Amino acid sequence: MTSQRTRQRLIERLFAKGIRDPRVMECFMKVPRHIFVDEALGHKAYEDIAVPIGYGQTLSQPYIVARMSELVLAAPHHERILEIGTGSGFQTSVLAHLVDEIYSVERIKPLQLKARERLRLQKLYNVRLKLDDGFLGWPDAGPFDVIIGTAAPDSPPQSLLDQLVPDGGQLILPVGAAEQYLTVVERQGDEFTERRIEPVHFVPMLAGIQTGETDTLRL
Ligand code: SAH
């Protein structure tokens, strides 16, 4: 299940789908995907499919995590990253290997707490977690080189665009409702240029915290 061979097979599948960045491939060898899913679903952890994580949410398909990670590394700057939608913490873990600092916001407290355990287990101490409405971003910690969203709003939220560094900051996220596209918006001063990457299926970005008060957690 957790063997190197199983992980190698997943990497071969990602390569077949067009993933090429060796730094991203290396992360898929390192990050133990089975610890992000319930034990009963452990056998699905290294298949290239989305897996339920409770509360109506899903751990994204490995291909899309890899694709978004490639886009982060291709951005003009990628030292300080904000993620909206910590979820299981899998995408967070991959990015923690690739960038200096990652800030991640989640609106469902139990998911945030489980993600923190998994990040601690891997000793990924360059991550800060916040329980909040991700539509607001994390203004105190910004501006960010890249903001990545793992849930889909109907359009790129202005508050997130405002928290990008002005010289080439990028917002990378799924946009749309019935029809969604992975989208990259690049900031140059007050100019924002949008490009569509490919069709995707993400859960919607929902406003507000599900329960409880906003909080910030160090690992
Ligand atoms: N990257 C995650 C994917 C989780 S699914 C993973 O690898 O597991 C998307 C996540 O976005 C869910 O956990 C959902 O609760 C969260 N989410 C949706 N809207 C949000 C918002 N406004 N603020 C913060 N998190 C949000």
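**Salt bridges, backbone and pocket**

Lys30 is partly exposed, with a relative accessible area of 43%. Keep in mind that this is a predicted model.

I start with Lys30 because its side chain takes part in a salt bridge with Glu26, at 3.8 Å from N to O, and Glu26 is itself partly exposed, at 46%. Both residues sit in helix α2, four residues apart, which is about one turn of the helix.

How many salt bridges are there by this rule? The count is nine.

Another one joins the side chains of Lys17 and Asp48, at 2.5 Å from N to O. Lys17 is in the loop between α1 and α2, and Asp48 is in the loop between α2 and β1, so this pair ties together parts that are 31 residues apart in sequence. Are the two ends buried or exposed? Asp48 has a relative accessibility of 10% and counts as buried, while Lys17, at 42%, counts as partly exposed.

A further salt bridge links Glu198 and Arg67 through their side chains, at 3.3 Å from N to O. Here Glu198 belongs to strand β9 and Arg67 to helix α3, so the parts tied together are 131 residues apart in sequence. Glu198 counts as buried, because its relative accessibility of 18% is under 20%. Arg67, Glu70 and Glu198 are linked in a network of salt bridges.

The largest pocket has a volume of about 220 Å³. Its lining is made of 13 residues, and those closest to the centre are Ser60, Gln61, Ile64, His201 and Phe202. Helix α3 and strand β9 are the elements that give two or more residues to this lining. Which of the elements gives the most? Strand β9 does, with three residues. By type, the lining of the largest pocket divides into seven nonpolar residues, five polar and one charged.

Last, the backbone. Most residues other than glycine have a negative phi, and most peptide bonds are trans. With that in mind, here are some sites to look at.

Tyr55 has a positive phi, near 55°. This residue is in the loop between β1 and β2, and it is partly exposed at 45%.

Lys123 also has a positive phi, of about 60°. Lys123 lies in the loop between α5 and β5 and counts as exposed, at 58% relative accessibility.

Finally, Gly142 and Pro143 are joined by a cis peptide bond, with omega about 0°. Pro143 is in the loop between β5 and β6.

Note on methods:
Residues are numbered from 1 along each chain as its sequence is written. This is a predicted model: local features need pLDDT of at least 70, side-chain atom pairs count only at pLDDT 80 or more; totals for chains, interfaces and linings use all residues. Side-chain values use heavy atoms; hydrogens and water are left out. On a 1 Å grid over the protein atoms alone, a cavity is a set of points where a 1.4 Å probe fits but cannot get out, and a pocket is an open set with protein on both sides within 12 Å along at least five of seven lines; lining residues have an atom within 4 Å of a point. Grid points are joined across faces, edges and corners, and a volume is the space filled by probe spheres set on the points. Ala, Val, Leu, Ile, Met, Phe, Trp, Tyr, Cys and Pro count as nonpolar, Asp, Glu, Lys and Arg as charged, and the others, Gly among them, as polar. Buried means under 20% relative accessible area, exposed over 50%, partly exposed in between (1.4 Å probe, protein chains only). A salt bridge is a side-chain nitrogen of Lys or Arg within 4 Å of a carboxyl oxygen of Asp or Glu.
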